[in-house]
Amino acid sequence: MSHFTLLILLALGHLIVDMHAGGLPVLLPVLKESYALTYTQIGGLVLLSQITSSIIQPLFGLFSDRLNVRWIMPISLGISTLGLAAVGLANQYAMVVVGVVVMGLGLAAYHPEASKVAHFVGGHRKGSAMSVFALGGNVGLALGPLVMAVGLSLAGLRGALIYVPLTAIVALLFQASLPKLYAGWDRNNDERKADVRPSEASVAKTEPSPPTRKRAATFRTLSTLLLAITLRSCAHTALITFIPLYYSTLHGNPASYSSALLTLFLVAGAIGTALGGPASDRLGARRVIVWSFLTSAPILIVLPLVTTGMAPFVIAILAGLTLVSSFAVTTVLGQVLLPSRVGLASGLTLGFSVGTGGLGVTALGFIADHLGLTTAMFSIAVLAGLGVLVSLKLPRDESAAPSVPSAQSSHSI
């Protein structure tokens, strides 16, 4: 077995957990009707899902950095499915709430540890490795609604159990493969540590700790990066939310039209993610992040201006390719900035900033309510424009980011 096999396993697990996240929205209308829920209660479920699956990810990242928690990956797959199954089997709203929370915790537990391992496996091609890992999640988000729709058509709310066999297969693959994969990896790491330990010890005696000024610079760079991710997440989530409303509700296109438009946007985003990582390996992370915002901003200005025919599909594809192309790249840059806390960096870049970005869509909803949906759509382009200004503040020389030797980083896919 190779490290590339491990990377594919990590991406497959990412596909499964994010498939749960993609399937939950399809359940919401059925839950509303089944339990006579108010929109406030539905909104509460969405908020709980965001908090437990995204915003608390840095806590799991800290846990991942402090302890050996590789076992958490197959277990988190089961936890996420258990939560979604509880939603499908619930007989009261309180059990639905518990199920959503449990599912969210499973999602939050998987991402930091899995992305940390993907970072180490990537070696000198971390952007490419993270693109493979992120691509699994993007595909899972796209497949989630389709799989859930099949389950609902077969068994109503109990159709949520359709995820159980899918998750069980992948969890068993993890359980069977990870020990063998990690055995060789750990043995190589131990040998390398034995070779470098004397020099590292002597360095520790002679070199002072990193100066406060460098730590402050790292904090500023990380804050800038998280702000850029938040702006991108706001724009991305807003497009997912408003495209169906704008093209069908406001402009009268059939639901199938806006559905196809949204699907193409998501698929293009997955392709952009796959391309962005390798591009960052060659061109640098900052250049890809700036290019992502710089090219997507004018495209997003054009999007609300075309409302019928094939033109919106072309614009949506271009928007997905450009806006989402930095998804994996920003995670890699965060991990480089915090080399001794890769799990925390993963939780911040994959979870916290993405989750808070999703919450920011509420502000765009306020704009839509008071100034119109068209204004809200143009505001998405403004977010991308702000992203250009923020990303330009990232350091040009990424090699200046503080780093420490890592035994794992010597291996590549």
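In what kind of crossing, left-handed or right-handed, does helix 9 pass helix 11? The crossing is right-handed, a label used when the near helix is turned clockwise from the far one by less than a right angle, with anticlockwise giving left-handed. The model behind this is a predicted one, in which local features need pLDDT of at least 70, side-chain atom pairs count only at pLDDT 80 or more, and totals for chains, interfaces and linings use all residues. Residues are numbered from 1 along each chain as its sequence is written, and side-chain values use heavy atoms, with hydrogens and water left out.

To start with the overall picture, the protein chain contains 15 helices and zero strands. Both are DSSP runs numbered from the N terminus, with helices (H or I) needing at least four residues and strands (E) at least two. Of the 413 residues in the protein chain, 51% are buried; buried here is under 20% relative accessible area, exposed is over 50%, and partly exposed is in between, using a 1.4 Å probe and protein chains only. Among the contacts (heavy atoms within 4.5 Å) with a separation of 6 or more, 83% come from residues 24 or more positions apart.

Back to the opening pair. The axes of helix 9 (residues 255-283) and helix 11 (residues 311-323) come within 7 Å and cross at roughly 30°. Axes are lines fitted to C-alpha atoms, for helices over the stretch in contact, and angles run from 0 to 180 degrees between N-to-C directions. Residues making the contact include Tyr 257, Leu 261 and Phe 265 of helix 9, and Pro 312, Phe 313 and Ile 317 of helix 11. By class, the contact has 13 nonpolar, three polar and no charged residues. Ala, Val, Leu, Ile, Met, Phe, Trp, Tyr, Cys and Pro count as nonpolar, Asp, Glu, Lys and Arg as charged, and the others, Gly among them, as polar.

Helix 9 also holds Thr 273, which counts as buried at 0% relative accessibility. Leaving aside neighbours within four places in sequence, Thr 273 touches Ser 131, Ala 134, Leu 135, Asn 138, Val 324, Ser 325, Phe 327 and Ala 328.

Phe 327 and Ala 328 are also among the buried residues of helix 12. With 10 of its 11 residues buried, helix 12 is largely enclosed by the rest of the structure. The axes of helix 8 (residues 212-250) and helix 12 (residues 327-337) come within 10 Å and cross at roughly 160°, which makes the two roughly antiparallel. This crossing is left-handed. The contact draws on residues including Thr 218, Leu 222 and Arg 232 of helix 8, and Phe 327, Leu 333 and Leu 337 of helix 12. The tally is six nonpolar, four polar and one charged.

Helix 4 (residues 72-89) has 18 residues and reaches 25 Å from first C-alpha to last, close to the 26 Å expected (1.5 Å times one less than the number of residues). It is largely enclosed too, as 13 of those 18 residues are buried. Trp 71 lies in the loop between helix 3 (57-66) and helix 4 and is partly exposed at 46%. Trp 71 and Phe 174 are 103 residues apart in sequence, yet 9.2 Å apart in space, C-alpha to C-alpha.

Technical notes. Angles under 35 degrees count as roughly parallel, over 145 as roughly antiparallel, 65 to 115 as roughly perpendicular and the rest as oblique.
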